[in-house]
Amino acid sequence: MYGNSKSIGRRGLLALTAALATTAVTAPVASAAPSPPFVPGATPASPAGVVRSLERAAHPLRSTQPGGSTADLRALDAMVGDAKVVGLGEATHGSHEFFTMKHRVFQHLVEERDFTTFALEMSWSAGLRIDEYLQGGPGDPRRIARETLAGSPWEREEFVRLIGWMRDHNTRHPDRRVHFMGDDLGAPKLGDHIFERVLSSVATARPEALPRLQELYAGLRPFDDVFAHLRKPLPERKENAARAQEALGLVAGHQEAGGEDYAWTVQHARNIAHTFAFATVDLTDPASVTAAERLRDQAMADNVLWWQRQTGHRMLLSAHNGHVGYLSTHPDMYPRTQGTVLRDCLGRDYAAFGFTFAGGSFLTKDTSLDGDWKPVTVPAARPGMHEHTLDQVGYRDFYVDLRAVPAKARIWLNRPRPVYDAGSTFTPDPLPTLAIGRAYDVLVHLHRVRAADKL
């Protein structure tokens, strides 16, 4: 499998294995956020006029660190409005300020806007383990992070502090508990406990279905290494996917008789089935790769929608910019983003916040699947990049509602331009391009970032 990386591209292989370090994804321009039509031959506003327009619309940030006053986030409340799900992106997977800003925003939304769930681009089953701890389960934040985030860019001190704050909040406010969910497929592993949950529930609610379900799952568990699974022959992987799908049908049959708790059992079985379906990708076939990426983003969106409808919670969704937004830096590989699905299903009840930065350090790897995360430093954004213009605004760090910026800035931001965008690996030349104004509803721009802190 590792030898196939050149045939499908570094970004494709990364997301295809659903390793917890993905890059931006895409949706067609037709599905992009509403914006004024592009007029061929029209002259974009000058950068100076753009900067002045942005300064009039921007709101400065006091800090990117959690704690202290959040008076500077009051304008953000209006941008969030009544949204049930807020996607909060990241231009890289390994930047301290992106992670701490998410903690700060989530804490503010919990305390001021009745948000309840923090959703992360990680496996469904690992998210359940974190939530068990938040609701009073054994362990401590560092141990839980090592168990659930090992090998991912989120195995960092910043997420230990977030998990610790969420547990402390639940201790102090047992009547207003917060929750954690993973919205992704089961990678790098499903974990055997997710199979056990399904089997245990079916044994009680539908005992007549248990023998066949045990038979179906016997050949699928444990699923502890998606990379090893992808090395199996494609016909074997397709047969496994068919077994997982049959198991889902068996579990979901007569769901209404199982009650509300049984709905969680069906959701667990659905995540198992989607994971095995995703793992039927043919890494040598570009069309199969694209289909797998579409399946993954659809599954992530479906998981978020299911959780929100099942619980009624208002949610902050943390993922790469390309997963929460409406456009991608690689439209050929990622035909439809999670953010696009959520907007199509929720309308104004979904809002996408993207992040940009003008220079600094973040974490990447030498290859998508191997090696350790290590810091990479990029220089200040050069002229012609979106971040160069954004960084001329008279605030070090700021946020701006892209839906309400003056026309000059809107025209400028709606044109594709080079941007800093990194997943598990980073290619500085050529930089990818993105039309920021069509990709997000709100933009958070940071002057400098540094690499996230190792545990």
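Visitor: How many cavities of 30 Å³ or more does the structure hold?

Guide: In this predicted model, the structure holds two cavities of that size.

Visitor: Now helix 16. Why does it count as largely enclosed by the rest of the structure?

Guide: Start with the cut-off: buried means under 20% relative accessible area. Helix 16 spans residues 338-346, and seven of its nine residues are buried, so the rest of the structure largely encloses it. The buried ones are Gln338, Gly339, Thr340, Val341, Leu342, Arg343 and Leu346.

Visitor: What covers those buried residues?

Guide: The cover includes strands 2, 4, 5 and 6, along with helices 14 and 15. Just after helix 16 comes Gly347, with a positive phi of about 60 degrees.

Visitor: Next, His447. Where is it found?

Guide: In the segment after strand 12, which covers 442-446. His447 counts as partly exposed because its relative accessibility is 21%; buried would need under 20%.

Visitor: Which residues does His447 touch, leaving out those up to four places away in sequence?

Guide: Ala358, Gly359, Asp391, Arg396 and Asp397. With Asp391, the side chains make a polar contact of 2.8 Å. Glu387 lies 60 residues from His447 along the chain, and their C-alpha atoms are 8.9 Å apart.

Conventions: Residues numbered from 1 in each chain as written. Predicted model: local features only at pLDDT ≥ 70, side-chain atom pairs only at ≥ 80, totals over all residues. Heavy atoms only, no water. Helix = DSSP H or I, 4+ residues; strand = E, 2+ residues; numbered from the N terminus. Buried < 20%, exposed > 50% of the residue type's maximum accessible area, 1.4 Å probe, protein only. Contact = heavy atoms within 4.5 Å. Polar contact = N/O pair within 3.5 Å; in protein donor to acceptor, adjacent residues only side chain to side chain. 1 Å grid on protein atoms, 1.4 Å probe; cavity = no way out; pocket = protein on both sides within 12 Å on 5 of 7 lines; lining within 4 Å. Points joined across faces, edges and corners; volume = space filled by probe spheres on them.
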